Amino acid sequence: MSNVVSTNLAGVQGAGTGLRRAMMRSLEENPDVAIDFLEVAPDNWITLGGSLGRRFKAFTERYDFVTHGLSLSLGSPDPLDEAFVKQVKQFLDAHGIQCYSEHLSYCGESGHMYDLLPIPFTSDAVKYVAERIRRVQDIIERPLAIENVSYYAAPGKEMDEIAFFNAVVAEADCHILLDVNNVYVNSINHGYDPRAFIAQVPAERIAYIHVAGHTEVAPDLIVDTHGNDVIDPVWSLLEYTYETVGVLPTLLERDFNIPALSDQLAEVNKIRSIQRDALRGDATNDPLLNGNQESNNVIASSRSSSGASANG
Ligand SMILES: [Fe+2]
């Protein structure tokens with residue numbers, strides 16, 4: 001797989017999940033749980049103080065973190081909330097967090113509504129959004145990772161989703177958060193090949209990957225709810241993603257219908273096992289890797305740079 005690119009753009013590795021306040025007690029009481037990294041929405045955590053703030057600080061000392069924003073509203077006609085972006089930068093710096101990701105979407109008019117609306121797939125929108133991403137990157141003094149979102153209508157479309165996504169990323173010179181479930185959801189709802197989409201994503205820009213569950217409304221309509229277990233076709237697409245872009249740090253999203261922590265951790269472990277199998281496949285398929293010292297070095301380097309857990 002000489003075409004595989006492995007990066008460590010997010011400053012994390014292995015398999016992770018989102019940190020919710022309701023999980024904190026369980027994680028504090030079980031310090032040996034197998035989570036390689038955690039994700040938080042800075043929107044919800046930047047203003048925390050007091051005992052909750054101290055508990056969060058302890059988490060950042062124990063785990064690697066990425067941040068995944070909710071309210072930057074990159075496609076909004078409203079001015080960029082630069083005061084908020086400056087707060088995010090302080091939060092990233094204070095906790096030693098490298099990666100800030102956001103949705104390639106907008107949140108409706110005025111205010112942080114958290115409902116994500118699609119940006120029209122047009123060349124004007126490419127320029128508009130890329131300029132806003134560049135401004136965010138100037139303020140936070142690090143790349144922003146842009147997530148491909150699920151969408152249910154594409155008004156005014158001048159180009160395909162992948163052409164729009166790649167044009168924004170190139171114009172903004174930013175990183176990517178590749179949501180494999182969103183690719184799957186969109187491929188069903190809009191009738192395209194999810195593997196062809198993933199094969200066109202510039203691998204060298206991918207900071208990390210999301211997987212999640214969704215809800216099937218009809219055979220040709222599924223909704224990205226983050227409220228169910230990940231289904232087998234999405235796990236298969238994750239395997240394909242690793243084969244295509246390399247084994248990158250991957251995070252399980254679960255925001256609704258939350259299961260017991262042990263069930264959630266079983267899905268995190270499933271990510272880790274797919275990562276391990278993909279790395280093994282790499283080793284088996286590479287003619288250099290025949291159990292000699294050179295092969296061991298390559299595996300070690302692949303593990304440290306690709307994001308797979310060294311002990312998972
Ligand atoms: Fe996502």
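**View 1. Strands 5 and 6 run side by side.** In this predicted model, strand 5 (residues 144–147) pairs with strand 6 in the parallel sense, over three bridges. To get from strand 5 to strand 6, the chain goes through helix 6 (residues 161–172), and this β-α-β crossover is right-handed. Look for E147 too: its bridge partner in strand 6 is L177.

View 2. I176 has I206 as its bridge partner in strand 7, while D179 stands opposite H210.

**View 3. Strand 6 is covered on both faces.** On one side sit H175, L177 and D179, on the other I176 and L178, and all of them are buried. Five of the five residues of strand 6 are buried, so the strand is largely enclosed by the rest of the structure. In a regular strand, side chains alternate between the two faces of the sheet.

View 4. The largest nonpolar core has 74 residues, and V168 is listed with I146 and Y208 as having the most contacts inside it. Beyond four places in sequence, V168 is in contact with L104, V126, V129, A130 and I146.

View 5. The chain averages a pLDDT of 86, but over residues 286–312 the pLDDT is below 50. Where pLDDT is low, the predicted coordinates should not be read in detail.

How values were computed:
Residues are numbered from 1 along each chain as its sequence is written. This is a predicted model: local features need pLDDT of at least 70, side-chain atom pairs count only at pLDDT 80 or more; totals for chains, interfaces and linings use all residues. pLDDT is the predictor's confidence in each residue, from 0 to 100. Two residues are in contact if their C-beta atoms, placed from the backbone, lie within 7 Å. A nonpolar core is a set of buried Ala, Val, Leu, Ile, Met, Phe, Trp, Tyr and Cys residues joined through C-beta atoms within 7 Å. A residue is buried if 20 or more other C-beta atoms lie within 10 Å of its own, exposed if 12 or fewer, and partly exposed in between; C-beta atoms are placed from the backbone. Two strands pair if DSSP finds at least two bridges between them. Helices (H or I, at least four residues) and strands (E, at least two) are DSSP runs, numbered from the N terminus. A crossover is right-handed if, with the strands pointing away from the viewer, the path from the first strand over the helix to the second runs clockwise.
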